[in-house]
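Please keep the sequence and the structure in view while reading.

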Amino acid sequence: MISFFIALALLVGGYCLYGRFVERVIRADASQPTPARTMADGVDYVELPTWKIYLIQFLNISGLGPIFGAIMGVMYGPVAFYWIVFGTIFGGAVHDYLSGMVSLRSGGASLPEIVGDHLGRGVKHSMRVLSMLLMLMIGAVFVYNPADLLAELTPDWLGRNFWIVVIFVYYILATMLPIDKVIGRLYPVFGVALLFMAVGVMVMCIVHGADMPEMWSEMYNHQPDTERLPVFPMVFMSISCGAFSGFHATQSPLMARCLKSEKDGRVAFYGAMVTEGVVALIWAAAAITYTRGYAGLHEAMQTHSPATFVNMLTQDWLGRLGGILAVMGVIAAPISTGDTALRSARLIAADIMHLEQRTITKRLMVTVPLFAITAWLMLSPFEVIWRYVSFFNQLLSVFTMWAMTVWLRRNGMNYRISIFWAMFFSAVCTSYILYAPEGITFITQRYWGVPVDYTFSVVCGVAVAALSALVFVRWERKVPKTPANR
């Protein structure tokens, strides 16, 4: 229990200290006009209060990731807790903050345009396809779980299919309408539900603290098949939204278009990510505490889906009313991520076509095809789509962090805050696509009967990271040494 409080204090301290350091690195300036003022359109560029932007960003990036990812990822042992804490402070929060602030200073540009501006036209086209596909897949998969939970909480005649239709219709409205009409009004309510759930579960963790193992005990991988599920790179793919997630960079531009001041960026982007890290920490601790250890959690996950496990835990710990309110928070999280993912898809598509979005007709021109593709994707099994969401999500972070590193260098700023993570996730994603059961190993196993060797996959990952760094260093030497710009 002591280590839980230490981890919690580190996350809060990280926001106060390292968050302020990163803010100074990019020289946030409250006197500079933001796109919400210079490009106001009443639809996407709308000034919102900082507290609303913080809650919207938090809900956008949370989804089920910091809950389900933490529950399943904690089976890798105490390293999962260390990853949540230090990955959030030095990696994920920096990633979210930089992507939001660079978008802010680029007129609220979407992620593919930002990355393309700094990594080249070929990467821009690849990022357009990758980010668009990820947004649509997230929109599709974040219909199923909330629909299942709503079906459990409502009469039988309001079944799963009914709630799928309701959520899908809501997604259309949230994607089309001005951001302050639906998202700006509903998200504060959703945010209260999600935070109530986290606080309630944390209190019960403290009550049952005797069953919580310390983070410096049992320091080994607790997965039943450690050969197939090694800590590297799997834990960094399992716990993404609770520590470091490429998807977040696609959401930051939404809020960059609504900020009133550059100084609000630390709360909106860095603060929202730290809050998500706290949620992931709470759920990782809760899963182990509730099941009284790693063996109990493994047994529970054999008989329960993550959604039913969350429902069972909240009902037992918080009572029926508290459990319902807590589960409502779990329902709100994926819905609030799915709708903004599809809204991001509309904005990315509009940026590609250079199509302004002031009129409802032009928004329909973009939205209708996107939702038709999303509906088609929903015909595939959840498990199939989710496999590729994890990989595409972290691959996005690789391009984002290299683009942020280039941007920092071009502006004479301290690029060391990002280059390590660009290299690290270059290695993670390469190793994962080679070794993961759904990656290259699937092909080699199927056609040649031989999986990709683990050591070979790690060596390839390190080689790709080193090669990427070498390319950056050669480019960096050609860039004139300039004083820091805004």
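In this predicted model, ring pairs join Trp-83, Phe-232, Phe-236, Phe-244, Phe-420, Trp-421, Phe-424 and Phe-425 into a cluster. The structure as a whole holds 30 aromatic pairs.

**Aromatic pairs**

- Phe-168 and Phe-371 form an edge-to-face pair, with 5.4 Å from centre to centre and 80 degrees between the planes.
- This pair links distant parts of the chain, as Phe-168 belongs to helix H8 (residues 160-176) and Phe-371 to helix H15 (residues 360-377), 203 residues apart.
- Both Phe-168 and Phe-371 are buried.
- The rings of Phe-391 and Phe-392 have planes at 50 degrees and centres 6.0 Å apart, so this pair is tilted.
- Phe-391 has a relative accessible area of 13% and is therefore buried.
- Phe-392 is also buried, because its relative accessible area is 18%, which is under the 20% limit.

**Packing of helices H5 and H12**

- Helix H5 (residues 79-104) packs against helix H12 (residues 265-290) at an angle of about 155 degrees, and the two axes are 8 Å apart.
- H5 is therefore roughly antiparallel to H12, since angles over 145 degrees count as such.
- The crossing in which H5 passes H12 is right-handed.
- On the H5 side, the residues in contact include Phe-81, Ile-84, Gly-92, Asp-96 and Tyr-97.
- On the H12 side, they include Arg-266, Phe-269, Tyr-270, Gly-277 and Leu-281.
- Sorted by class, the contact of H5 with H12 comprises 15 nonpolar, five polar and two charged residues.

**Packing of helices H3 and H11**

- Helix H3 (residues 50-62) and helix H11 (residues 247-256) have axes 9 Å apart and pack at an angle of about 155 degrees.
- H3 and H11 are therefore roughly antiparallel to each other.
- H3 passes H11 in a right-handed crossing.
- From H3, the residues Ile-53, Ile-56, Gln-57, Asn-60 and Ile-61 meet Phe-247, His-248, Gln-251, Ser-252, Leu-254 and Met-255 from H11.
- The contact of H3 with H11 is made up of six nonpolar and five polar residues, with no charged residue.

- Ser-99 lies in helix H5.
- Its relative accessible area is 1%, so Ser-99 is buried.
- Leaving aside residues up to four places away in sequence, Ser-99 touches Ile-114, Ala-249, Ser-252, Thr-400 and Met-404.
- One of these, Ser-252, also takes part in the contact of H11 with H3.

**Backbone features**

- Most residues other than glycine have a negative phi, and most peptide bonds are trans.
- The peptide bond that joins Phe-232 and Pro-233 is cis, with omega at about 5 degrees.
- Pro-233 is part of helix H10 (residues 231-238), and Phe-232 is one of the residues in the aromatic cluster.
- Arg-27 has a positive phi, near 55 degrees, and is found in the loop between helix H1 (2-26) and helix H2 (35-38).
- Arg-27 is partly exposed, because its relative accessible area is 42%.
- Arg-292 has a positive phi as well, near 60 degrees, and lies in the loop between H12 and helix H13 (294-303).
- With a relative accessibility of 66%, Arg-292 counts as exposed.

Note on methods. Residues are numbered from 1 along each chain as its sequence is written. This is a predicted model: local features need pLDDT of at least 70, side-chain atom pairs count only at pLDDT 80 or more; totals for chains, interfaces and linings use all residues. Side-chain values use heavy atoms; hydrogens and water are left out. Helices (H or I, at least four residues) and strands (E, at least two) are DSSP runs, numbered from the N terminus. Buried means under 20% relative accessible area, exposed over 50%, partly exposed in between (1.4 Å probe, protein chains only). Contact means heavy atoms within 4.5 Å. Axes are lines fitted to C-alpha atoms, for helices over the stretch in contact, and angles run from 0 to 180 degrees between N-to-C directions. Angles under 35 degrees count as roughly parallel, over 145 as roughly antiparallel, 65 to 115 as roughly perpendicular and the rest as oblique. A crossing is left-handed if the near helix is turned anticlockwise from the far one by less than a right angle, and right-handed if clockwise. Ala, Val, Leu, Ile, Met, Phe, Trp, Tyr, Cys and Pro count as nonpolar, Asp, Glu, Lys and Arg as charged, and the others, Gly among them, as polar. Rings of Phe, Tyr and Trp (its six-membered ring) pair if their centres lie within 6.5 Å; planes under 30 degrees apart count as stacked, over 60 as edge-to-face and the rest as tilted.
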